[in-house]
Amino acid sequence: MKEILEILEADARLGAADVAVMLGMEKEEVRRIIKELEKNKIILKYMALVNWEKAGDEKVMAMIEVRVAPQRDVGYDAVAERICRFPEVRSVRLVSGAYDLAVFIEGKNMREISNFVATKLATIDGVLSTATHFILKTYKQDGVMFEDGEKDRRLAISP
Amino acid sequence: MKSWNAYVNPLVSSLPSSGIRKFFDLVTETEGVISLGVGEPDFITPWHIREACIYSLEKGYTMYTSNHGLLELRQAIAAELEAACGVVYNPKNEILVTVGVSEGLDLAVRALVCPGDEVLIPEPSYVSYAPCVLLAGGKVVTVPTTMDEAFRITPGKIEAAVTPRTKMIILCYPNNPTGAVMDRRTLLEIAEVVKARDLLVISDEIYSRLTYRGEHTCLAALPGMRERTVLLNGFSKAYAMTGWRIGYAAGNPDFIAAMTKIHQYAMLCAPITAQMAALEALKNGRLAVTQMVQQYNRRRLLVIHAFRDMGLPCFEPGGAFYAFPQIAGTGLSSEEFAEQLLREEKVAVVPGNAFGASGEGFVRCSYAASVEDLTEAFRRMARFVQARGVRPGIISGPRAFAGEQRPVAGEATG
């Protein structure tokens, strides 16, 4: 199961048939396991990693440090879940250190993001403070280099 | 214009030129080729190794080392050989760091083969063995292996080829170009013949870490074989370090001393930069190797499956990163197959006869390529093969025919 996950995490386009061959398993068995993984939300979604900048799209991303007052019984969860509901929010993580939640949001421009932070995020009960960091450039994401100079330089034929 | 060829040493001019060379020119002239003809990993040397090398340069490690190589590296190699193969070498006088296995091979042959000595070379074989022997004045005696025997040399064939002048046999398992691996039992039987006939062995085990079926058996670890064997290994394949040119030889102190004598005059020492990188590879490279081996193994299974689907007989390669399918059923020779496949479908493979006459009827396909490239290459190759048709009648059936025996994922012994 772990190997199936590793293969799909590296290339989600591979079908059950290919995965089965690569692991020396039966195709039906792999198909069943993948279905199970999807049902149990271990595999959540299949998607493409896009370099939007190269695609000519003017998206703005920001990472927002959010300090939160934890609440009785639910800790940080209630506030985190509230933040998650906004579609602008790409990811929310509880972190250790000087702040509590690391929130990534995406917008059309800086004004839209500032607006979101000021009117939606900072005003949530339990949010103590926010600090907004605009993303200037992505070098690497999900283990993939955005501009990779390490292309295949091998000789076409060698003994 | 005066031809200077007459001045070239006849021994050199008479060396056959590499069969790969001609094909290489053809491939580089063609655009958009997916090459499965590459004999090196598609991975780049793991970053921690490159980083350690850069750091060594920053610290000023730019000088000669001992002829034998850095003692710390030889100690690490000795520890590795003991852990992985169960054979103990003294790092002080039984290990020599060489400029790749290529140099180690040349040194061992030159140090041990006298003019007129016969050297047994199982075929299909890596391209360097025969020329090295010829340059040393030795006589090459090729011993063909077949797909029916899973490209393993048999004790009987060795026995049959031995004459009073036979000095040595050069073994390479896991094998380039066939991907064949040796089982321990056959190796033990071979060792008996070698001892009975008082032969030496050069054992090129550069692909040892890339073993997917069973466990690699180091020839030197077998009873009575340590003293008779020059063990060659290196960093090129397991650690994706081909361009660093770094390897090593291990053997009895007399052989290593003789090889070191040539090495000290011809090479002085292996580059310190590569030695520093090799040291880092041995210290911290385990995880990277395991991950690469796992990737190769998955592709290997894809490749066997692809040939089975195409109807090309292909014995299951247990090591290295090559498959050696039989293409004779298409009615084409190895060279015709490779040339037409390149022209029509822009996929490069190496004609099997580049590895000796017994490679005729086969092609070598390297699966050191991305799954994406492999998939596309096999889609094209299937189209090519289908257009020609495969006539099973005129080909021999391999014992481990991929179509009948389901390959298993195997324990990757990274």
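What follows is a chat about reading a few helices and a chain contact in this predicted model.

Colleague: Let's start with H9 of chain B. How many residues does it have, and how far does it reach?

Modeller: H9(B) runs over residues 253–266, so to speak a 14-residue helix, and spans 20 Å from its first C-alpha to its last. That's close to the 20 Å expected at 1.5 Å a residue.

Colleague: And how do I read the sides of a helix?

Modeller: The general idea first: an α-helix has 3.6 residues a turn, so residues three or four places apart point the same way. Now this case: the buried residues of H9(B) are B:Phe255, B:Ile256, B:Met259, B:Thr260 and B:His263. They sit on the same side of H9(B) because they cover an arc of only 130 degrees around the axis.

Colleague: Which exposed residues are on the face turned away from that buried side?

Modeller: B:Asp254 and B:Tyr265.

Colleague: What covers the buried residues of H9(B)?

Modeller: The cover includes strands S2 (95–98), S7 (229–234) and S8 (247–250), along with helix H5 (100–112), in chain B. After H9(B) comes B:Leu268, with a positive phi near 70 degrees.

Colleague: OK, two helices together. How do I describe a pair?

Modeller: Two packed helices are described by the angle between their axes and the distance between the axes. Take H4 (residues 71–85) and H10 (residues 272–284) of chain B: they pack at about 35 degrees, axes 10 Å apart. Their crossing is left-handed.

Colleague: Which residues make the contact?

Modeller: H4(B) brings B:Glu72, B:Leu73, B:Ala76, B:Ile77 and B:Glu80, while H10(B) brings B:Gln275, B:Ala278, B:Leu279, B:Leu282 and B:Lys283. By class, that contact has six nonpolar, one polar and three charged residues.

Colleague: Next, the chains. How many residues does each put into the contact?

Modeller: Chain B gives 25 residues and chain A gives 14. On the chain B side, H2 (19–29) and H11 (286–310) each supply at least two, and H2(B) has the largest share, five residues. That side has 17 nonpolar, five polar and three charged residues.

Colleague: What does B:Met292 touch, leaving out residues up to four places away in sequence?

Modeller: B:Pro41, B:Phe43 and B:Ala240. B:Ala240 is 52 residues from B:Met292 in sequence, yet 8.9 Å away in space, C-alpha to C-alpha.

How values were computed. Residues numbered from 1 in each chain as written. Chains lettered and ligands numbered in written order. Predicted model: local features only at pLDDT ≥ 70, side-chain atom pairs only at ≥ 80, totals over all residues. Helix = DSSP H or I, 4+ residues; strand = E, 2+ residues; numbered from the N terminus. Expected span 1.5 Å × (residues − 1). Buried ≥ 20, exposed ≤ 12 C-beta atoms within 10 Å, placed from the backbone. Arc of directions from axis to C-beta. Contact = placed C-beta atoms within 7 Å. Axes fitted to C-alpha atoms, helices over the stretch in contact; angles between N-to-C directions. Left-handed = near helix turned anticlockwise from the far one by under 90°. Nonpolar A, V, L, I, M, F, W, Y, C, P; charged D, E, K, R; others polar.
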